[in-house]
Amino acid sequence: MPTPVTRPLLPPLEEFTPYLQEVWASGMVTNGGLMHQRLEAGLRQHLGVEHLALVSNGTLGLLNALQCLRITGEVITTPYSFVATAHSLLWNGIRPVFVDIDPATLNIDPSRIEAAITPQTTAIMPVHCYGNACNTAEIQRIADIYNLRVIYDAAHAFGVQDQGGSILRHGDLSVLSFHATKVFNTFEGGAIICPDEATYQRIGYLKNFGIVDETTVIAPGINAKMSEVNAAFGLLQLNHIEQALAERARIAQDYRQRLAGVAGVRCVPPGPQRVSNNAYFPILVDADYPLTRDALYQRLREHDVHARRYFYPLISDLPMYRGLPSAAPSNLPVACEIAQKIICLPIFPGLDQDQMDAIVQLIASVRA
Ligand SMILES: Cc1ncc(COP(=O)(O)O)c(C=O)c1O
């Protein structure tokens, strides 16, 4: 059996049955039913945020967040992310402007943002990559000076906290993904965290075609509603999330200890946050490791370990972005280097000791 890079958290099936029975009994399977309301309330409490709107996936969450704030023109973002970050801009007719990443956090480097601002810039879309917190204070400082909006792609950042609480409170909006590969999943799903009731309401219209009531449509909204079955599964996940996060933390600590002595391999350190979620376990394969990154990746695959090169290629190297002036490799030296060195190792609740032993052994036993 191959070891995947991640596996969805699937609580025992029999625990899901009573939720489904409730959905069936209600006769309401979507459009903001009871499960949807209960999950929004449960997540607000669990995450410690005041306003949270569920959506059908993180990508539509990003699209809606941009529409919600009427973002246009140019948006400053990172090339070192999953494609959905930049795609959400193109779908809104916005030009992405790529800024290089910080070699320590692998998040957008705030010291390079100002140089990328033009009269067309309206917002910054940073990513809390791997669930490691961005330098939110510095990003906000710049946004305030230039009157820019900040939308965090927080797809990886479920449950991450800094000294002040959830990191999802930063910026104008934050967008979570609840895709099956994420720490907390609803198979497909996501949420937008917003600062007030009025914004929550507007997101509610936008995710339901812009419909306010039977005769009023206020915007060209889209269908981004989460179904009752997805929401019900989210409620079940909430019962198991603490244990899952504890298991992730244990696996991450184990990797760190066991890979510490392997020359040429560096574990990406946790970010500045107070509480991490260990959503990924990224390592960097340096020049003094006996194999190239791709050779190590192949070696792992040959032994049924399906590690992933997140994030390679860079978004800025893809055909729909590479013609942009900001996509030039000379503008993105750190991101280019990291994309050549990165491998994310398997991490998920249920990764057992034998699998961990095999992965560490495959990396540590390579001789020059
Ligand atoms: C950084 C990032 N942004 C956005 C998304 C899109 O989320 P979804 O798959 O829920 O649409 C993902 C993951 O899938 C992601 O990793």
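Tutor: Helices (H or I, at least four residues) and strands (E, at least two) are DSSP runs, numbered from the N terminus, and on that basis E138 is found in helix 5, residues 136-146. The model is predicted, so local features need pLDDT of at least 70 and side-chain atom pairs count only at pLDDT 80 or more, whereas totals for chains, interfaces and linings use all residues. Residues are numbered from 1 along each chain as its sequence is written.

Student: Why is E138 called partly exposed?

Tutor: A residue is buried if 20 or more other C-beta atoms, placed from the backbone, lie within 10 Å of its own, exposed if 12 or fewer, and partly exposed in between. E138 has 13 C-beta neighbours inside 10 Å and therefore counts as partly exposed.

Student: What makes K182 buried or exposed?

Tutor: K182 has 23 other C-beta atoms within 10 Å, and therefore it is buried. K182 is found in the loop between strand 9 (173-177) and strand 10 (190-194). If contact means C-beta atoms, placed from the backbone, within 7 Å, K182 is in contact with A155, F158, S177 and A279, leaving aside neighbours within four places in sequence.

Student: How do you know which UniProt features fall on K182?

Tutor: The unreviewed UniProt entry places "active site" at K182, and its annotation "modified residue: N6-(pyridoxal phosphate)lysine" also covers K182. Such positions use the numbering given here, feature names are shortened, and annotations may be inferred rather than shown by experiment.

Student: What makes a residue part of the shell around the ligand, and how many residues surround the ligand?

Tutor: A residue is near a molecule if its C-beta atom, placed from the backbone, lies within 6 Å of it. The ligand is surrounded by 14 residues, the closest being G58, T59, F82, A155 and S177. Helix 3 (58-68) and helix 4 (84-91) each supply at least two residues of this shell.

Student: Which classes make up the shell around the ligand?

Tutor: Ala, Val, Leu, Ile, Met, Phe, Trp, Tyr, Cys and Pro count as nonpolar, Asp, Glu, Lys and Arg as charged, and the others, Gly among them, as polar. The shell has four nonpolar, nine polar and one charged residues.

How values were computed. Contact = placed C-beta atoms within 7 Å.
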